[in-house]
Amino acid sequence: MDAAGNEAGGAAGARGRVVDRTVGRAVGRAGALAALALLVAGALEAWGMLGGLEPARFWDTPSYLHDAGHLARGELPPLGLRMPGYPAFVALVGGRAPDLGRVAGAQAALWVASVVLAYALVRRLTGSLAAALAAGLAALSFVDLLFMAVTLYSETLCLALVCGAALATAAAFAGRARGAVVGAGLLWVAAALVRPIFLASAGVYLLAALLLAARRALARRDVALAWAAVAAVVLAMASVNLARAGRFEFSPGAGLSLLNHVGHPAVYRHLPPDQARIREVYERLAAEQGREWIGWWRAVGPLAAVVAPERAEAAGRLEVAAAEPVAERVALRALAAVPGGYVRVWADAAEQLLGRFALQLGWSARPDGPPQWPPGAWQHRAARDAEAVWRVGMPWLSAAALLLPPLALWLRARRRRRGDDAPGPAGAGAALATLWVIAAVNAALSPALEPWAGQMRYRFPIQHLLLGLAIGAAVLAARALRPARGLAGTGAAGAGAGAGRPT
């Protein structure tokens, strides 16, 4: 009787495993079809919205093209404020000329790829096909990012690298993809070679990987290789800057960023009498230009004439080697003399960064720029409709991305303390926590590094990350609230995406 029972139980278990494999294959096929559908939809949207538009140039474009020209000729560009990542991309894709249409086409392809990566990130975090599709469809509605693809700026390249790095982070912490630990580190530092703020993201990732290695959740050899790879890139970049300008630093410009804080009226209007000449420079510039917040590029030349006349000519030409010391000297004294001024400027910029939505459709609608879609065109109307929706939705998305992950992690930890499994793909909790810290650090540093007008462009490379955090955390929190008896099918349903294994 016992033998018969064991035989029946074994047969039932075998049938269950067959069913699980069948369900897993079906879910995998559905996921692949969903990714393909998003790829096609993104390509059609990019073709419909961007087709016929010329590549748009704007303020920073000439400096990017200048550096790209040097790199295309095999030369090292002189020290400037541009990291080499985007100029290298322009040189590689556009050639020596360069062909800007080809560059804009490659950027449109990167935008489409970022939509699929946003889908894949949520799929990896949650194992849910529905949640991943929601993320992909929401990413398709980010027309601000779409129009950045036709603008010769670095945001689109950085967006794709950040999405890839976030997905690689989730894959690395799941422990199922060989090389993902090192690959994720390299992708984060590659994003830093486009926008240096992501060097902090690479640091957060490496610390999280080190913590997991200490708990034996990751191979220590892989983590050591990731640290070595990132360190090699950082040291190489700092060595290049040392050779160019005698400054051993990953990226120049910290003093110029601080000077943007001084250019806010909350600071320069409250300077003490011993800095009256600095205040007079800013007040004169504000009167001349009809705006109160004065960017560093407008102020550094006149300020150099006051505090360092020997550097005034070079600083007026915005040569970093001359402008940076002037900016540091003025900014450090001014911010020390106005207690609370830095925090006031940071708060103002942070509110704009996370709370406002700005469509870039009109960037090149200038007398000296290429034409954009006229107001009557369907593309213009569709873009403005999407903008109207996200003007309302962006503050909520930002709040959800920064508040929901800690809630989800707390709910999962509470469930584990009760002795229940926390449902979700392997490594989901560690990945969610790491990506949340990365987004939070970025949201804190962006207003500090570039407070000018909130610099909402600094949000663009993490917009899909915010989306993935909000949706992924909501799904994981909802699962953690389910009664234990309702979880019987979770492992089978998510088998194709690596679900069903506790974090």
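**From one loop outwards**

R216 is exposed, with a relative accessible area of 67%; "exposed" means over 50%, "buried" under 20% and "partly exposed" in between, using a 1.4 Å probe on protein chains only. This is a predicted model, so local features need pLDDT of at least 70 and side-chain atom pairs count only at pLDDT 80 or more, while totals for chains, interfaces and linings use all residues. Residues are numbered from 1 along each chain as its sequence is written, and side-chain values use heavy atoms, leaving out hydrogens and water.

R216 sits in the loop between helix 9 and helix 10 (220-245). Helices here are DSSP runs of H or I with at least four residues, strands are E runs of at least two, and both are numbered from the N terminus. Most residues other than glycine have a negative phi.

Now for helix 9 itself (residues 198-214): its axis comes within 12 Å of the axis of helix 7 (residues 155-174), and the two cross at roughly 5°. Axes are lines fitted to C-alpha atoms, for helices over the stretch in contact, and angles run from 0 to 180 degrees between N-to-C directions. Helix 7 and helix 9 are therefore roughly parallel (under 35 degrees; over 145 is roughly antiparallel, 65 to 115 roughly perpendicular, the rest oblique).

Who touches whom? On the helix 7 side it's C158, V162, T169, A172 and F173, and on the helix 9 side F198, Y205, A208, A209 and L212, with contact meaning heavy atoms within 4.5 Å. These residues split into 9 nonpolar, 1 polar and no charged (nonpolar: Ala, Val, Leu, Ile, Met, Phe, Trp, Tyr, Cys and Pro; charged: Asp, Glu, Lys and Arg; polar: the others, Gly among them).

C158 is buried, at 0% relative accessible area. Its sulfur is 9.7 Å from the closest cysteine sulfur, in C163, which is too far for a bond. C163 is buried too, at 6%. Across the whole structure, a search finds 0 disulfides, a disulfide being a pair of cysteine sulfur atoms within 2.5 Å.

Stepping back, the protein chain has 21 helices and 0 strands, and buried residues make up 52% of its 503 residues.
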